[in-house]
Amino acid sequence: MDVAVLGAAGDVGRQVCTQLIERRVLPTSSRLQLVGRADGESARATHGLRADLIDAYDEHAPLLDVALSPDDVVADVIVVAAGRTTPARPGAATPRTQLAADNLPVFESYARAIAERGSGHEVVIVVSNPVELGVAVMARALGRHRVIGMGAWLDTLRFRRELAVSLGLRRHRIGGFVAGQHGEDLVPLWSTVRISGLDADERRNALAGLRRGRTLDTFSDEIVRAQELLTQVAADDTGAAFDLIGSWPPDLRVVARPWMTHTSGAKTANGTANATVSLVDTLLDGRDTVVAAQVALDGEVTVTGAPLDGVLGVPVVLGPEGWTRVLLDELAPDEERRLLACRDRIDTTLAHVGFGRAGGDMASADGPTPDVAPTRSVAADGPPPEGAAVTGSALAGGAA
Ligand SMILES: NC(=O)c1ccc[n+]([C@@H]2O[C@H](COP(=O)([O-])OP(=O)(O)OC[C@H]3O[C@@H](n4cnc5c(N)ncnc54)[C@H](O)[C@@H]3O)[C@@H](O)[C@H]2O)c1
C-alpha cells in the first residue's frame, strides 16, 4: 500500500511522514509520496524533507518520492495536510469562513486531479481545516465512503485521555467518542463513554462526578469564557494557563488544552499526526474498526427522528475501502441538541463557499459501499490489538 501526504513539508505533514516511518506503519516495499507545491519554498522544502528522512531512516524507510503537482499524486491512501492554518500566536484567530475560502482551491485542485487520474479506490484522510469542507469537496468528487476527516478521531483520543487522567487510568481503558465539528464546536458524547473494569452503575457515578452537574447546553459559553480567561492568564505566564486548564472538567479540557497549545506557538502537529497515522494504520491493516470521523452523511442515521445529512463527525466503521456505516446509538437529549446545532453551524460555513446542504449534493457522488465485516474498536494510542473483536454495541468499544 502506498501513501501520499499533501503538504508534506508543513508542520503536520512532516510529522505524519516521520511517524509513518518511525512507527513502521509502511513496509520498505511501499511508497511514501511527499507532495508539495511547485513554487519555490514548498518545492525546496519537500525535496529537503525527502533527503532528511532518508538520512534518518534509510534502513527501514519505504521508497520516498516527491510530487509537486496534483496530477502526479498516486497512492492508495492520501493524507490531506496542505493549506493555510490559523496563525499560532495569542489572539490571532482566523474566522472559519476565511479559512474555508483560503483552502477551498487547495481541496478542489486535488479532488479534481484524483477524480480524473486516480485508481478510483484511493481513501482520503482530510487533516486540513476546515476539515468538514475538505470532506465535502473530496466526497463530492470521489464518493462519500472514500473520504474521512480525522478531526473527530483526534478529538476522541483527547477526550479519552482527559477522562483517563481524571480517573487515574491509562487511556486504553477508556472508550467513547467525540462527534460534531472538529475543534471548538465538538460534541463530547458522554453517553458513549465506557470504562473497562466498571459496571454501568459505577460508570454512571464516576462520570457524574466528572461532569459536575453541567450539560452540553452551556458548553459553548464555557468555551468562550475559558478562552478569555486563558488569554488573560497566558499574557503573563503560559505555564499558569496550562495549570489552570488542569483544574477544569475533562470535556472542557479537550477543547481548551489544544487551543492553548496552538496559540502558544508550539502548534499541535505531534498529536494530530499520531491520530492521523493511527487511521492510516487502520486502513492498511485491512480489518474493520470503529473510529470517529467527519463524513458526508446522507440520512443513514437519525437524531430526534430526523435523518442527518451533510458533513458531521460521527462514530463510523472504517475498513480498507473507506467508511461503511455509522454507529450512533440513542443519545442524551443535550447531545442531540448540540449535534443538530453543530450540524447547522457546519452548514453555514460550507454554504459560505457554496457547499452547504442546500447548495451541494454530497450524496450525488455515492461510491459503492464495501461489505461489512465484524467490527472492532481501535486502541486509543495505537493500532488495535490483534483480533480485538467487538460484538454488540460498537459504541462500547475501545476500552475493553
Ligand atoms: N484536523 C486537525 O486535527 C488539524 C490539526 C492541526 C492542523 N490542522 C490543519 O492542517 C493544515 C496544515 O497545518 P500545518 O500546521 O501543517 O500548516 P503549515 O503552514 O505548517 O503547512 C502547510 C503546508 O501546506 C503546503 N501547501 C499549501 N498549499 C499547498 C498545495 N496546494 N499543495 C501542496 N502543499 C501545499 C504549504 O507549502 C505548507 O508546507 C491546516 O489547515 C491546519 O489548520 C488540522
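View 1. Of the contacts in the chain with a separation of 6 or more, 71% are accounted for by residues 24 or more positions apart, two residues being in contact if their C-beta atoms, placed from the backbone, lie within 7 Å. The model is predicted, so that local features need pLDDT of at least 70 and side-chain atom pairs count only at pLDDT 80 or more, while totals for chains, interfaces and linings use all residues. Residues are numbered from 1 along each chain as its sequence is written. Buried residues make up 46% of the 400 residues in the chain, where a residue is buried if 20 or more other C-beta atoms lie within 10 Å of its own, exposed if 12 or fewer, and partly exposed in between. The chain has 11 helices and 11 strands, which are DSSP runs numbered from the N terminus (helices H or I, at least four residues; strands E, at least two).

**View 2. Strand β5 and its two partners.** Strand β4 (residues 77-80) runs parallel to β5 and is joined to it by four bridges, with Ile78 having Val124 as its bridge partner; two strands pair if DSSP finds at least two bridges between them. β5 also pairs in the parallel sense with strand β6 (residues 147-149) over three bridges, and here Val124 stands opposite Val147. In a regular strand the side chains alternate between the two faces of the sheet. In β5 (residues 123-126), Val123 and Ile125 on one side and Val124 and Val126 on the other are all buried, and both faces are covered.

**View 3. The largest nonpolar core.** This core, a set of buried Ala, Val, Leu, Ile, Met, Phe, Trp, Tyr and Cys residues joined through C-beta atoms within 7 Å, has 107 residues, and among those with the most contacts inside it are Val79, Ile125 and Met138. Its largest share, nine residues, comes from helix α4 (residues 131-142). Not counting residues up to four places away in sequence, Val79 touches several residues, including Val5, Val16, Ile125 and Val280.

View 4. Among the 28 residues around the ligand, Gly7, Gly10, Val12, Ala82 and Thr85 come nearest, a residue being near if its C-beta atom, placed from the backbone, lies within 6 Å. Helix α1 gives the most to this shell, with three residues.

**View 5. Leu229 in helix α7.** Leu229 lies in helix α7 (residues 219-236) and counts as partly exposed because it has 15 C-beta neighbours inside 10 Å.
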